[in-house]
Amino acid sequence: MEKVDTLIIGAGVVGLAIAAKLSHRRSVIVIDKESRVGEHASSRNSEVIHAGVYYPHGSLKHQLCVRGKALLYTHCEQLNIPFQQLGKFIVATNEEEAQNLEQIKTRAHANSVTDIDFASPKTIKQQLSYLKIHSALFSPSTGILDSHQFILSLIAEIERNGGIVATQSEFIRAERLGNDFIVTMRCDNEQFEMGCSQLINCAGLNAPDVLNKIADDSDKTTAYYCRGRYYRYQGKHPFQQLIYPLPNTHGLGVHATLDLAGQLKFGPDTEYIEKIDYQFDDSQKAHFVAAIKRYWPTLDESRLTPDYTGIRPKLSKNQQNDFEIQFETTHGISGFVNLMAIESPGLTASLAIAEYIEQRL
C-alpha cells in the first residue's frame, strides 16, 4: 500500500494552500471527489482580497485575514497573478447606519487595519455622487484577484515539490492503525487504500460529513448551507471601487464588486437550503433589487442578469462563526487536523491558514 506523510481531503483554495506549504518538507497528496479543483466555494465567490475590517479582535478570521492579505498580495506580485488594489467603500444610507460605521472603524483599527478612515464630503461628492448615502468608510487595502490563476499557482507549487493533486477521488473512511491512518477512497468506481501519518479535513461544504466519518463523537456535526446569488450588470456603469453596505447576520450584504475586466456584479444575498444545490432562483429578484437601490437608487434593474450562485459553509444559522481549525486534542485523534466553516474571508486568509497549520504541526 502506498503511503504519504500528509493526505488532505478537499482541493479548494485552502486545501491547496496547505498542501503547497507542507509540500516543501513532506510528501503530500490532495484528494477531491469533483472532476476539477475548486469547484465549490473557491470558484463561486466575489474574488475579493479582504482587509480584515469586520472580524472580532483576536478571532482566527481577524488574525488570518490580516496576515493572509499581506501574503496574498506578495504572492500575486511575485508570480504575476492578476490583481488590483481598488479599495472599498463601506456605505451608510442614514444617520443610524453612520453610527455603525464608527463601530466598524474602531474594530478595524483594533485589528491593525489602520488605513481605513471616513471618506471626506469632497471625496463622496467627487467619487460617489451616483450613490445616495449619508457617509462612507474607505478601505484602501481591499482588492480583487484572479482566483483561478491563484489556484493554478498553488497546484504548480505542489507538483514542483513532488506532491499530487488527485481529482475524482472520493473520501470514504479513515481508520487509525498504529501511528498511521489507512484512508479508503473511491476512484473510477473502485476503492483503494492509502496510508498517511497526518490527515487533514479541508473539504469545505462537505467538511462536517467528512468529520462524522472520522471521529467517534456521539454528537454529529451538522452542516448548514447558505446560498447566495450573484447578478451581473450589463453595460456601462459608474463604479470604480467596491461598494459594500453594512454587514448583516449572515454575511456582508448585497455588495457591488468589479472583476479584473471592470465588469460589475452584485451579490450575494442569503438563503438557507437543505442540500448543496447551485440552482439560480430568479423569482426573488425584486428583493435583490431593493437591497441595491438602498445605496444606488438609479439602478437600471433591466440590466441585471443572473450570473451564478455560491454556498457558504456554516455551523449555525443564527450567528457568525469563527473559522474552526481543530487539532488532534479536539477529537482525540493523533495526527488529525479538522477545518470547518471556512467561509469568507477564506480566500484572502488561505496562505495564512496554511502557515498557521504548518507552525502547529
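What covers the buried residues of α2 includes β3 (48-49), β4 (83-84), β8 (143-145), α5 (147-160), β19 (324-326) and α9 (346-360). Contact means heavy atoms within 4.5 Å. Helices (H or I, at least four residues) and strands (E, at least two) are DSSP runs, numbered from the N terminus.

This is a predicted model; local features need pLDDT of at least 70, side-chain atom pairs pLDDT 80 or more, while totals for chains, interfaces and linings use all residues. Residues are numbered from 1 along each chain as its sequence is written, and side-chain values use heavy atoms, without hydrogens and water.

**Exercise 1.** Check the span of helix α2 (residues 60-79).

*Solution.* 
- The rule: 1.5 Å times one less than the number of residues.
- With 20 residues, α2 should span 28 Å.
- Its end C-alpha atoms are 27 Å apart, which agrees.
- Asparagine 80 follows α2, with a positive phi near 55 degrees.

**Exercise 2.** Classify the ring pair of phenylalanine 239 and phenylalanine 266.

*Solution.* 
- Rings of Phe, Tyr and Trp (its six-membered ring) pair if their centres lie within 6.5 Å; planes under 30 degrees apart are stacked, over 60 edge-to-face, the rest tilted.
- Here the centres are 5.9 Å apart and the planes at 85 degrees, so the pair is edge-to-face.
- The pair links distant parts of the chain, 27 residues apart: phenylalanine 239 is in the loop between β13 (224-233) and β14 (242-244), phenylalanine 266 in strand β16 (residues 264-267).
- Buried means under 20% relative accessible area (1.4 Å probe, protein chains only). Phenylalanine 239, at 2%, counts as buried. So does phenylalanine 266, at 0%.

Definitions and conventions: Buried means under 20% relative accessible area, exposed over 50%, partly exposed in between (1.4 Å probe, protein chains only).
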